Amino acid sequence: MRFSKLNPKKSLLAKLFLFYIIPFVIFAGAMGLCFSYITNKMINENVLPQFDDRLSENAHSLAASLNPTLINKASERGEEIKRKLDAFVEDKKGIEYVYVLKRENDADMIVALSGSDDYMVESPFTPEQAKSINGSEDVLSEIYKDKWGTHKSYFTPIEGTDAIVGIDMDASFIDELKSTMIFYNILFLASAVILGVLCAVVIGKKISGPVNELVGYTNEMAKGDLSKSIPVGREDEIGDLSNGFEDMRLSLSHIIQNVREHAQTMNQTTVSIQQSFEEMVESYGQIVTGTTEEARASEERAHHIDRISNMISDLTDTIRLMNEQTNERMNLRCMQIHLLNKGVNKCKM
């Protein structure tokens, strides 16, 4: 059941949650990308150019402050060069190191380094350093990281010498700015997601809560309990839906009441019909009994009639026979009389 509440196909709350959280996440991501683009553009077009200008200005200022004669005699006057370098760094905020580089006897050398007591230390040049010395040109490095931190360097030739000045400035604030930007982007995205979640949960509960309540009432109605009225305390679409369910409940109650009343009437009618049927069956039984007795009486009458018919037939035959015999006797008598009459007449003659 819990998993079904997380399925957007089976849960209105989950569907509302997704419909709210997805736009918030998309909006937050779009705003984060816009913010990142604007921040990077500001860094690349404003912060870094100003930082590069400051590097260039400090490098040229340092190169102009160094005496070419002092640099050309670096092996002898390294301490003095180091003091100038230390003095230059002391007043400049953000500068980490300044140094003088030159190539001597085909060896890459660090003539002097601010904050270090070593002079004329052999150290391979970086590509930017080699480019600046070989071409006697200004070279600006990209931001790079080493074990001492994050830096950006600028190299410029010292006029009248074959040496260059290098200056390293701390560029960690740029990474910190980018990290801060990423942090605020993540914070903004998280805030948007949390806000979206809260809005989705609050609005989803306000919508799904009454719907779930209506589902509960509907389940009760499905079980046959129509006694509970559905409360309607809203004027929106859910209120209209509640009104519709309440009207449906009342209609069903009226229909069921009418059905019950008609059922009682039908039951009474059925009882009456059953009683009438029983009376009819009883009458039918009496009719069958009477018909059976009448049939027996008719059969007996038929037998009597047959006997009477036979007797009449016998009587008719007897009468016919007697009639024939009588006719014969009469004929015989007439003949006798006729003969007698004939004899009399002869006697008279």
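Biologist: Leaving aside its neighbours within four places in sequence, which residues is Ile 167 in contact with?

Modeller: We are looking at a predicted model, in which local features need pLDDT of at least 70, side-chain atom pairs count only at pLDDT 80 or more, and totals for chains, interfaces and linings use all residues. Residues are numbered from 1 along each chain as its sequence is written, and side-chain values use heavy atoms, with hydrogens and water left out. Contact means heavy atoms within 4.5 Å. Beyond four places in sequence, the contacts of Ile 167 are Leu 55, Asn 58, Ala 59, Phe 88, Ile 95, Tyr 97, Val 98, Tyr 99, Lys 152, Ser 153 and Tyr 154.

Biologist: How many helices and strands are there in the protein?

Modeller: Helices (H or I, at least four residues) and strands (E, at least two) are DSSP runs, numbered from the N terminus. From that end, the elements run α-α-α-α-β-β-β-α-β-β-β-β-α-α. The totals are 7 helices and 7 strands.

Biologist: What share of the residues is buried?

Modeller: Let's settle the words: buried means under 20% relative accessible area, exposed over 50%, and partly exposed in between (1.4 Å probe, protein chains only). Of the 349 residues in the protein, the buried ones make up 25%.

Biologist: Within what arc do the buried residues of α5 fall?

Modeller: In α5 (residues 127-135), the buried residues are Gln 129, Ala 130, Ser 132 and Ile 133. Seen down the axis of α5, they line one face of the helix, because the arc that holds them (taken from the directions from the helix axis to the C-beta atoms) is within 165°.

Biologist: Which exposed residues does the face of α5 turned away from the buried side carry?

Modeller: The buried residues of α5 pack against β1 (95-104), β4 (139-140), β6 (149-157) and β7 (163-170). On the face turned away from the buried side, the exposed residues are Pro 127 and Asn 134.

Biologist: What is the phi of Ser 136?

Modeller: Ser 136 sits in the loop between α5 and β4, and is exposed at 55% relative accessible area. Most residues other than glycine have a negative phi. Ser 136 is not a glycine, yet its phi is positive, at about 45°.

Biologist: How many residues apart in sequence are the parts that Asp 52 and Lys 152 tie together?

Modeller: Their side chains meet in a salt bridge (2.8 Å, N to O), a term for a side-chain nitrogen of Lys or Arg within 4 Å of a carboxyl oxygen of Asp or Glu. Both partners are buried, with Asp 52 at 16% relative accessible area and Lys 152 at 5%. Since Asp 52 lies in helix α2 and Lys 152 in strand β6, the sequence separation of the parts they tie together is 100 residues.

Biologist: In which helix do Glu 79 and Arg 83 both lie?

Modeller: The side chains of Glu 79 and Arg 83 meet in a salt bridge (3.9 Å, N to O). Glu 79 is partly exposed at 40% relative accessible area, and Arg 83 is partly exposed at 47%. They are 4 residues apart, about one turn, in helix α4.
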